[in-house]
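Keep the viewer open as you read.

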Amino acid sequence: MQETATERVISPARNIEGSLRLPGDKSISHRCALLGGLAEGVTRLTNFSTGADCTSSLGCVAALGAQVVRKPDGAVEISGTGGQFRPPAEPLDCGNSGSTMRMLSGLLAAQTGSFTLVGDASLSRRPMDRIRKPLDQMGARLDLTEGHAPIRIEGAALSGIDYATPIPSAQVKTAVLFAGMQARGTTIVHETVRTRDHGELALRAFGASLERSKDAVSIAGRQKLHGIEAEVPGDISSAAFFLCAAALFPGSNLIFDALGLNPTRATLLDVLTALGAHIGVLNLEEKHGELVGTVQVNAPPQGMGGTTISGALAAQLIDELPVLAAIAPYTRSGIRIRDAKELRVKESDRIALVAANLRAMGADVEEFEDGLDVPGGQTLHGATIDSGGDHRIAMAFSVAALRAEGESLIRGAEAAAISFPEFFDLLESVAER
Ligand code: S3P
């Protein structure tokens, strides 16, 4: 098979073995970039995410008056704007990044001046009403284009609200907290599912105080942020592709150093354990509130069992569901996913694309509005895979291709660079053939 700039050939592997240190977590990098841009003083971030999405966040804060310097060692230095963004002449380009668009909207809603946020074709299809509603209640002036980007924001003086998020979304929670931190009075966000809490931890690291109870976060308004020095932990959602790849091969052994292990992000380790994989965690440390550690994975000699993912688990695993579905045919009793309707409004309709690509590989799969049933005990063949321009689909099916019979061609493979430009090189470095 022939590769082009946008296509990758993946051959079956015999085993997965090696040791990896992954680029910084995308969610943490976004929050540090945005808060560093608004803070007073310099923020220095090592192991910042190498993904294009986080470059979009840096580009936006630079356009808003922060000074952003990328050092040759990959570190990022941001001289913040001291609490006051400067309205740019051009629209703010969020690229493919929903996190940038939604969380930055929260910051901008309380600033002075007019701002326009735009994104690529995929981002311009994604729902933005979920941030408009709470920000509107706070007194923000925010106009969408038929529920989508472009978003126009006329900065306003905001008041705190008490808000229950109707959908589990860390981006919405963070957008409201980012606005609340600048508002008059206190803002409280209630959530029924504890979504990733990097926003809360980053706010604290940058000097804001907030309080957390079991299902709510409360932040006082008119708080000031100051720059920080931090090393961003390795991205566990990027590690997910390698963890799942290793879980496929009895005899595999893969080690991750300095991996982010925030409990609101590490549910995949529990699921892989439930499927029979051996997961070891060592050297656990806390840095700026984030847990970081070394993880070792070995596949079960008898192969993986099966499981059902639904309810709160589906929300906590939302970014890992495509790769779990993609390896499900190789388990003994399959994986059932429910309550994951949000997958349909990610960078692509991930339920439809996972089902179509599994079928292209010869798998049996049943699609539901909010999930998938993927029976186990299947043999897949290599196929042409369509990433739909979605990074996680490109990577999930590269992993599925490692256990297929024959080669696969991943179309739209360049999308991996949205979160993980090193993905294909690292995959080749640990795959034994
Ligand atoms: C993210 C939250 C999730 C996730 C996305 C990153 C974040 O989105 O899918 O990749 O950094 O807060 P939602 O908040 O829309 O569920």
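## Around the ligand

In this predicted model, the side chain of aspartate 319 places an N or O atom 2.7 Å from an oxygen atom of the ligand. Lysine 346 has a polar side-chain atom that also lies 2.7 Å from a ligand oxygen. The backbone takes part too: a polar backbone atom of alanine 170 is 3.0 Å from an oxygen atom of the ligand.

You can find Arg265 in the loop between β15 (253-260) and α8 (267-274). Is arginine 265 buried or exposed? With a relative accessible area of 4%, it falls under the 20% limit and so counts as buried. Its side chain makes a polar contact with the side chain of aspartate 235, at 3.5 Å.

Next, have a look at an open sheet. Four strands make it up, in the order β4-β5-β3-β14, with mixed pairing. The strands β4 (67-70) and β14 (229-231) are at the edges and have a single partner each, so one side of each has no neighbour in the sheet. On average, neighbouring strands here are turned by 15° against each other, ignoring direction. At one end of that order, β4 and β5 (residues 76-79) run antiparallel and are joined by 4 bridges; valine 68 stands opposite isoleucine 78 of β5.

Helices pack against these strands. Helix α1 (residues 26-38) touches β3 (42-46) and β5, and its direction makes about 30° with that of β5. Helix α2 (residues 52-63) lies across β4 and β5, running at about 140° to β4.

Which residues touch the most other members of the largest nonpolar core? Among its 79 residues, they are Phe242, Phe256, Leu324 and Phe397. Helix α7 (residues 236-247) supplies the largest share of this core, 10 residues. Phenylalanine 242 shows what such packing looks like: setting aside residues up to four places away in sequence, it touches Leu20, Leu254, Phe256, Phe420, Phe423, Leu426, Leu427 and Val430. Apart from this core lies another one, of 64 residues, including Leu38, Ala39, Ala109 and Leu117.

Notes. Residues are numbered from 1 along each chain as its sequence is written. This is a predicted model: local features need pLDDT of at least 70, side-chain atom pairs count only at pLDDT 80 or more; totals for chains, interfaces and linings use all residues. Side-chain values use heavy atoms; hydrogens and water are left out. A nonpolar core is a set of buried Ala, Val, Leu, Ile, Met, Phe, Trp, Tyr and Cys residues joined through side-chain atoms within 4.5 Å. Buried means under 20% relative accessible area, exposed over 50%, partly exposed in between (1.4 Å probe, protein chains only). Helices (H or I, at least four residues) and strands (E, at least two) are DSSP runs, numbered from the N terminus. Contact means heavy atoms within 4.5 Å. Two strands pair if DSSP finds at least two bridges between them. Axes are lines fitted to C-alpha atoms, for helices over the stretch in contact, and angles run from 0 to 180 degrees between N-to-C directions. A polar contact is a pair of N or O atoms within 3.5 Å; within protein, one must be able to donate a hydrogen and the other to accept it, and residues adjacent in sequence count only if both atoms are side-chain atoms.
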